[in-house]
Amino acid sequence: MAEAEAEPEAEPRRGRPRSAAAERAILDAVAALLEAGEPLGGLSIERIARTAGVGKATIYRRWSGKEELFVDVLRDIEPPEPAVSGTAGLADLRLLLESIRGRGLAHRSSALLHNVFAQMKSHPRLWDEYHRNVIGPRRAAMTAAVRRAVEAGELRADLDVELMGDLFLGPMLVRTVHRPDAPLPEDLADRIVRALVDGLAPRPAEGPAPHPADPR
């Protein structure tokens, strides 16, 4: 009885621990199926589990459904998120823009990424999941960096922060998404930031130097 009474004080069971090897096998299985030409709509949890060598329950313990799983697969095969400082303004903004440039290059060079994104647009639930869990946090990080730049006196404080974020983000998205043949040079992020911070209006022309005899 004494042992039975002491039992509730023991650490509660937390369920079966998640296996990193199982997660790796599942992500790799989805990527392999997609690379083999399997369309997103044709992938079933059963097929993924069989390819990964796990049970369906193993997948459902980690992901609520295919949409959530596919978003993690995309995170896995895309370039990693940048390690921003979280304290700098324009410096972090440059890092975030550079990460978008890197993704643009990856999408151009990877047939898998290109095909997956093309298919995603015909799957509204997956597209919404990707925007909510990937695009949303990236946009929030961009807005936060702009806000820090304002607080540091690097940007004007009389403009809407989200609008300024869109102004920085827009040129990079045009180059990476809307103009797939546009050049993506290594210094593109810095050029965008410098152009917007310096302003796009022409600089005042300097007049000719006054003549030495000119009383002016």
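**View 1. Lining of the second largest pocket.** In this predicted model, E154, L155, R156, L159, M164, L167, F168, L196 and V197 line the second largest pocket. The model is predicted, so local features need pLDDT of at least 70 and side-chain atom pairs count only at pLDDT 80 or more, while totals for chains, interfaces and linings use all residues. Residues are numbered from 1 along each chain as its sequence is written, and side-chain values use heavy atoms, with hydrogens and water left out. A pocket is found on a 1 Å grid over the protein atoms alone, as an open set of points with protein on both sides within 12 Å along at least five of seven lines; a cavity is a set of points where a 1.4 Å probe fits but cannot get out, and lining residues have an atom within 4 Å of a point. The volume of the second largest pocket is about 210 Å³; a volume is the space filled by probe spheres set on the points, and grid points are joined across faces, edges and corners. Helices α9 and α10 (188-198) each supply at least two residues of this lining, and α9 gives the largest share, three residues. Helices (H or I, at least four residues) and strands (E, at least two) are DSSP runs, numbered from the N terminus. By class, the lining has seven nonpolar, no polar and two charged residues. Ala, Val, Leu, Ile, Met, Phe, Trp, Tyr, Cys and Pro count as nonpolar, Asp, Glu, Lys and Arg as charged, and the others, Gly among them, as polar.

**View 2. Packing of α9 against α10.** The two helices pack at an angle of about 140°, with their axes 10 Å apart. That angle makes α9 oblique to α10. Axes are lines fitted to C-alpha atoms, for helices over the stretch in contact, and angles run from 0 to 180 degrees between N-to-C directions. Angles under 35 degrees count as roughly parallel, over 145 as roughly antiparallel, 65 to 115 as roughly perpendicular and the rest as oblique. The crossing of α9 and α10 is right-handed; a crossing is right-handed if the near helix is turned clockwise from the far one by less than a right angle, and left-handed if anticlockwise. On the α9 side, L167, F168, P171, M172 and R175 meet L188, A189, I192, V193, L196 and V197 of α10. Contact means heavy atoms within 4.5 Å. This contact of α9 with α10 has 10 nonpolar, no polar and one charged residues.

**View 3. The largest pocket.** The space in the largest pocket is about 940 Å³. Its lining is made of 29 residues, and H107, F117, L173, T176 and V177 lie nearest the centre. Four helices, α6 (90-109), α7 (111-120), α8 (124-151) and α9 (161-178), each supply at least two residues of the lining. Helix α8 provides the largest share, eight residues. Sorted by class, the lining has 14 nonpolar, eight polar and seven charged residues.

**View 4. Packing of α8 against α9.** Helices α8 and α9 pack at an angle of about 110°, and their axes are 9 Å apart. The two helices are therefore roughly perpendicular to each other. Helix α8 passes α9 in a right-handed crossing. From α8, R139, M142, T143, V146, R147 and V150 meet V161, E162, M164, G165, D166, F168 and L169 in α9. The contact of α8 with α9 has seven nonpolar, two polar and four charged residues.

View 5. Rolling a probe the size of a water molecule over the atoms shows where empty space is left. In this model the count comes to one cavity of 30 Å³ or more. The largest cavity has a volume of about 40 Å³. R139, M142, T143, E162, G165, D166 and L169 line the largest cavity. Both α8 and α9 supply at least two residues of that lining, with the largest share, four residues, coming from α9. The lining divides into two nonpolar, two polar and three charged residues.

**View 6. Packing of α2 against α3.** Helix α2 (residues 20-35) and helix α3 (residues 45-52) pack at an angle of about 110°, with axes 8 Å apart. This angle makes α2 roughly perpendicular to α3. Their crossing is right-handed. A25, I26, A29, V30 and L33 of α2 make the contact with R47, I48, T51 and A52 of α3. The residues of this contact divide into seven nonpolar, one polar and one charged.
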